[in-house]
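Here's a walk through a protein fold, piece by piece.

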Amino acid sequence: MPVARTPTTSRHRHRRGPRSRSGGAAPPVSLPPEQAWSPARTKPLRGQVAVVAGGTRGAGRAIAVSLALAGAVVYVTGRSRRGRPATPGRPETIDETAQLILRAGGRAIPVGVDHTDESQVRRLFQRVRREQRGRLDILVNDIWGGEELTEWGTPPWKMSWPKGRALLERAVFTHLITARHGLPLMVARRRGVLFEVTDGDHPYYRGSLYYDLVKTAVIRITLALREEFTEAKLPRLSAIAVTPGFLRSEFMLEQFGVSEENWRDGLASAPPHFRFSETPYFLARGVVALAADPERGRFSGHALGSWTLAKRYGFTDRDGTRPNWGRVFRREILGDK
């Protein structure tokens with residue numbers, strides 16, 4: 001079986017150290033909502049309620065914004081609040097995500113939650129139950145917090161166990177805790193969808209032991225839940241893993257000293273696969289398409305890439321392109337013909 005020794009989607013990381021901000025330059029800002037996008041006009045999720053756990057930046061922020069533009073009421077959760085960022089070196093907050101939504105005419109409710117703390121997660125869903133009369137249609141688990149914990153280029157027998165354990169707690173246990181307290185709202189109404197945001201739609205090694213365990217574990221959660229939903233005779237509940245390709249997140253743009261407007265200027269210094277990258281909104285559009293699809297249950301228990309969703313639902317990235325990281329990964333990294 002082939003082994004992928006390089007990052008499989010480059011969603012969260014780049015192997016060299018962080019680039020310092022010259023002259024105190026501000027980090028790249030997130031793309032604003034695109035109100036000309038078709039679901040922003042048709043509102044296929046009107047009246048639905050969503051919780052995006054980990055909506056501070058990157059894919060989580062884009063998913064929260066896109067769900068709201070499509071008509072959903074969105075609770076945006078995370079640790080970083082205005083004036084109190086929780087991730088070293090990252091200024092983004094859930095309050096900024098909510099402001100992006102509100103300025104576009106959507107409905108957003110930022111809630112500070114440390115998802116490693118079960119009592120905080122319990123209170124979050126008690127609030128959703130109270131404010132939304134028990135309704136929860138969409139739950140997105142995009143909690144991460146492992147940037148400084150992942151050890152690239154280090155063999156497992158030399159890795160830090162405290163870092164590995166912390167990574168599992170932040171990026172697997174949080175997902176389990178959040179699902180544990182969010183799913184009862186869906187079960188009570190016998191409908192809803194849980195999205196697990198992961199890295200890669202394949203079975204190959206993701207280049208670092210604990211990172212690989214985290215990203216495959218959340219895929220396995222969706223498979224287990226599909227079986228449990230079937231056993232409980234809940235055919236309208238789904239659990240689907242979704243993954244971006246090479247993501248041009250705020251963090252990744254900063255690594256190469258570019259913005260979304262001039263990202264191609266960074267091709268000379270970036271890894272060669274950066275030319276196949278995508279905005280966070282590419283995956284977000286796929287999440288909206290799945291959430292609006294009454295037949296999405298056929299994908300329950302599966303991991304789907306942004307490129308697969310784009311082909312199935314006929315959408316493009318914001319610049320009109322349709323990046324296919326799955327094809328690049330198979331041909332240029334795995335060496336498939």
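## Starting with strand 1

Strand 1 covers residues 49-53, and five of its five residues are buried, so the rest of the structure largely encloses it. Keep in mind that you're looking at a predicted model. Both faces of this strand are covered: Val49, Val51 and Ala53 sit on one side, Ala50 and Val52 sit on the other, and all are buried.

Which strands does strand 1 pair with? One is strand 2 (residues 73-78), which runs parallel to strand 1 and is joined to it by five bridges. If you want a spot to look at, find valine 51, which stands opposite tyrosine 75 in strand 2. Strand 4 is another partner, pairing with strand 1 in the parallel sense over four bridges. Here, alanine 50 has isoleucine 138 in strand 4 as its bridge partner.

Strand 1, helix 2 and strand 2 together make a right-handed β-α-β unit. Helix 2 takes up residues 58-69, and its end C-alpha atoms are 17 Å apart; that agrees with the 16 Å its twelve residues should span at 1.5 Å a residue.

Is helix 2 buried or exposed? Twelve of its twelve residues are buried, so helix 2 is largely enclosed by the rest of the structure. Among the buried ones are Arg61, Ser66, Ile63 and Leu67. After the helix comes glycine 71, with a positive phi near 115°.

Now zoom out. Seven strands form an open sheet, in the order 3-2-1-4-5-6-7, with parallel pairing. At the edges stand strand 3 (107-112) and strand 7 (303-305); each has a single partner strand, so one side of each is left without a neighbour in the sheet. On average, neighbouring strands here are turned by 20° against each other, direction ignored.

Take a look at strand 6 next. Seven of its seven residues are buried, so the rest of the structure largely encloses strand 6. Both of its faces are covered, with Leu237, Ala239, Ala241 and Thr243 on one side, Ser238, Ile240 and Val242 on the other, and all of them buried.

Strand 5 pairs with strand 6 in the parallel sense over six bridges, and leucine 194 stands opposite alanine 239 in strand 6. Strand 6 (residues 237-243) also runs parallel to strand 7, and three bridges join the two.

Strand 5, helix 6 and strand 6 form a right-handed β-α-β unit. Then there's helix 9 (residues 306-313), which lies across strand 6 and strand 7 and runs at about 75° to strand 7.

In soluble globular proteins, nonpolar side chains tend to be buried together. How many residues does the largest nonpolar core have here? It has 45, and those with the most contacts inside it are Ile63, Leu67, Val74, Ile138, Phe195 and Val242. Apart from that one lies another core, of 26 residues, including Val49, Val73, Val128 and Ile221.

Leaving aside its neighbours within four places in sequence, phenylalanine 195 is in contact with Ile138, Leu139, Val140, Asn141, Ile240, Val242, Val287, Leu290 and Ala291.

## Helix 8

Helix 8 (residues 280-291) has twelve residues and reaches 17 Å from its first C-alpha to its last, close to the 16 Å expected at 1.5 Å a residue. Twelve of the twelve are buried, so helix 8 is largely enclosed by the rest of the structure. Among these buried residues are Arg285, Pro280, Tyr281 and Val287.

## A stop in a loop

Finish at threonine 154, in the loop between strand 4 (138-141) and helix 5 (161-189). Why does threonine 154 count as partly exposed? Its relative accessibility is 26%, and partly exposed runs between the under 20% of buried and the over 50% of exposed. Threonine 154 and serine 208 are 54 residues apart along the chain, and their C-alpha atoms are separated by 7.5 Å.

Key
Residues are numbered from 1 along each chain as its sequence is written. This is a predicted model: local features need pLDDT of at least 70, side-chain atom pairs count only at pLDDT 80 or more; totals for chains, interfaces and linings use all residues. Side-chain values use heavy atoms; hydrogens and water are left out. A nonpolar core is a set of buried Ala, Val, Leu, Ile, Met, Phe, Trp, Tyr and Cys residues joined through side-chain atoms within 4.5 Å. Buried means under 20% relative accessible area, exposed over 50%, partly exposed in between (1.4 Å probe, protein chains only). Contact means heavy atoms within 4.5 Å. The expected span of a helix is 1.5 Å times one less than its number of residues. Two strands pair if DSSP finds at least two bridges between them. Axes are lines fitted to C-alpha atoms, for helices over the stretch in contact, and angles run from 0 to 180 degrees between N-to-C directions. A crossover is right-handed if, with the strands pointing away from the viewer, the path from the first strand over the helix to the second runs clockwise.
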